[in-house]
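Hi,

Here's the structure I said I'd send over. Have a look at it first, then read on for what turned up.

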Amino acid sequence: MTADRTIDSRPRPMDMAMAEAEAAAARGEVPVGAVVVDASGTVLGRAGNRTLELKDPTAHAEMLAIRAACVALGSERLTGCDLYVTLEPCPMCAAAISFARLRRLYYGAADAKGGGVDHGPRIFEHATCHHRPDIYGGIGETRAAALLRDFFAARRD
């Protein structure tokens, strides 16, 4: 006897983050995308990089998605929420993740040069860091890394 299984047909958060990264690339922005979801999987914020468009060095995908999620919840805290991002967050974004009290961080490609989570300053390991999310790296890494590699290769040609 087989059990009935309901298949969730909603897009997965990392797939949504990749779509945001691809849209950012199409705008000429570094292809990074981010999505914030609550515990039920409801999307509270999603964004791709917009630093060039907004002339704002803080307009990273993570920052924009966090801001949108905070507005959606009416709170500066995203306790119980998860962030999916296609690239390891930089130190600025890692600090914002901590301040927002995000529950979990899922990221795709590692960033040995600019990362702030598992590379570089490793923000969450500092004694002065008040909150450390659960961290899961390498989610969709191959696809995310290829998008970044192709984006920068096209700029060098």
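Below are some notes on the sheet, the core and one histidine.

Keep in mind that this is a predicted model.

Let's start with the sheet. Five strands form an open sheet in the order β2-β1-β3-β4-β5, and the pairing is mixed. The edges belong to β2 and β5, which have a single partner strand each, so one side of each has no neighbour in the sheet. On average, neighbouring strands are turned by 15° against each other, ignoring direction. Further in, β3 and β4 run parallel and are joined by five bridges, and Leu-83 sits opposite Leu-105 in β4. Two helices pack on this sheet: α3 touches β1, β2 and β3, while α5 touches β3 and β4. The direction of α3 makes about 155° with that of β2; for α5 and β4 the angle is about 55°.

Now the inside. Nonpolar side chains tend to be buried together in soluble globular proteins. Here the largest nonpolar core has 38 residues, and those touching the most other members are Val-36, Ile-66, Leu-78, Leu-102, Leu-105 and Phe-124. Its largest share, seven residues, comes from α3.

Finally, find His-131 in the loop between β4 (104-109) and β5 (134-136). What does its side chain reach at 2.6 Å? The backbone oxygen of Leu-102. Beyond residues up to four places away in sequence, His-131 also touches Ile-97, Ser-98, Arg-101 and Phe-124. Phe-124 in turn has contacts including Ala-94, Leu-105, Val-117 and Ile-135.

Cheers

Definitions and conventions:
Residues are numbered from 1 along each chain as its sequence is written. This is a predicted model: local features need pLDDT of at least 70, side-chain atom pairs count only at pLDDT 80 or more; totals for chains, interfaces and linings use all residues. Side-chain values use heavy atoms; hydrogens and water are left out. Helices (H or I, at least four residues) and strands (E, at least two) are DSSP runs, numbered from the N terminus. A polar contact is a pair of N or O atoms within 3.5 Å; within protein, one must be able to donate a hydrogen and the other to accept it, and residues adjacent in sequence count only if both atoms are side-chain atoms. Contact means heavy atoms within 4.5 Å. A nonpolar core is a set of buried Ala, Val, Leu, Ile, Met, Phe, Trp, Tyr and Cys residues joined through side-chain atoms within 4.5 Å. Buried means under 20% relative accessible area, exposed over 50%, partly exposed in between (1.4 Å probe, protein chains only). Two strands pair if DSSP finds at least two bridges between them. Axes are lines fitted to C-alpha atoms, for helices over the stretch in contact, and angles run from 0 to 180 degrees between N-to-C directions.
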